[in-house]
Amino acid sequence: MTNAVRRTAACALTTGLALSLAACGGGRQYTVPKQACGVPISEKALDPFLVDGKKFTVLGKPLATGEGNCAIWVDEWLVVDLRLEKVDKLYDPMDELEAFRFTNREKMKDLPFARLGALGDASSMVSTGCAGPTADYLVVQIDVDGQADGDVAERRKHIQDFTLDFVPKVKKALDCTA
């Protein structure tokens, strides 16, 4: 076999391998929308919870309606579950009655908006004022896949980052004034 034939064969083999790997998939083959659950969503804040897959799906009621549950899925994998309740008083996420929602619950400190928050290994809960046309207070519960971002400390940081980005957007969508 001559050098020219070897180079041609090597190029053809490399090209074929590259095409077959691209056809096999892997990675993220979906686009993250600018809005999910009726609220603008930051791809950067959501990114740590996203998995490889083909289809990004949002199921449930838009949270901008004021109450409900909305979930973000990739293929058959629930990556983030979002719940919103309009309430008539401020609920403390650190109250013992709320402990069942968390693993390793800690109080969220230095919230950039008024009120109370708690953070767990795979969830967060914020109770905040709204004083809008539809609610006095809101409770936002965020749950993520407990296996996301394998390191628990890192996952907790990402949950807090997502919460701090998402809750003000929910309040804005609901025309909250407080």
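Reader: So what is Leu82 in contact with, leaving aside its neighbours within four places in sequence?

Author: Leu82 is in contact (heavy atoms within 4.5 Å) with Cys37, Leu63, Gly68, Asn69, Cys70, Ile72, Gln141, Ile142, Phe162 and Phe166. Keep in mind that this is a predicted model: local features need pLDDT of at least 70, side-chain atom pairs count only at pLDDT 80 or more, and totals for chains, interfaces and linings use all residues. Residues are numbered from 1 along each chain as its sequence is written, and side-chain values use heavy atoms, with hydrogens and water left out.

Reader: Which residues have the most contacts inside the largest nonpolar core?

Author: Those are Leu46, Ile72, Val80, Leu82, Phe162 and Phe166, in a core of 36 residues. A nonpolar core here is a set of buried Ala, Val, Leu, Ile, Met, Phe, Trp, Tyr and Cys residues joined through side-chain atoms within 4.5 Å. Buried means under 20% relative accessible area, exposed over 50%, partly exposed in between, using a 1.4 Å probe and protein chains only.

Reader: And which element gives the largest share of this core?

Author: Helix 3, with five residues. Helices (H or I, at least four residues) and strands (E, at least two) are DSSP runs, numbered from the N terminus. A second, separate core has five residues, including Val87, Phe102, Ala118 and Val139.

Reader: OK, cysteines. How many disulfides does the structure hold?

Author: Two, a disulfide being a pair of cysteine sulfur atoms within 2.5 Å. One of them joins Cys37 to Cys70, S to S 2.0 Å. Cys37 lies in the loop between strand 1 and strand 2 and Cys70 in strand 4, so the pair ties together parts that are 33 residues apart in sequence.

Reader: Are those two buried or exposed?

Author: Buried: Cys37 has 5% relative accessibility and Cys70 has 0%.

Reader: What about the other pair, Cys130 and Cys176?

Author: That disulfide also comes out at S to S 2.0 Å. The torsion about its S-S bond is about -85 degrees, so the Cys130 and Cys176 link is left-handed. Cys130 sits in the loop between strand 8 and strand 9, and Cys176 in the segment after helix 3, 46 residues apart. Both Cys130 and Cys176 are buried.

Reader: Last one: where is Val126 found?

Author: In strand 8. Val126 is buried, with a relative accessible area of 0%.
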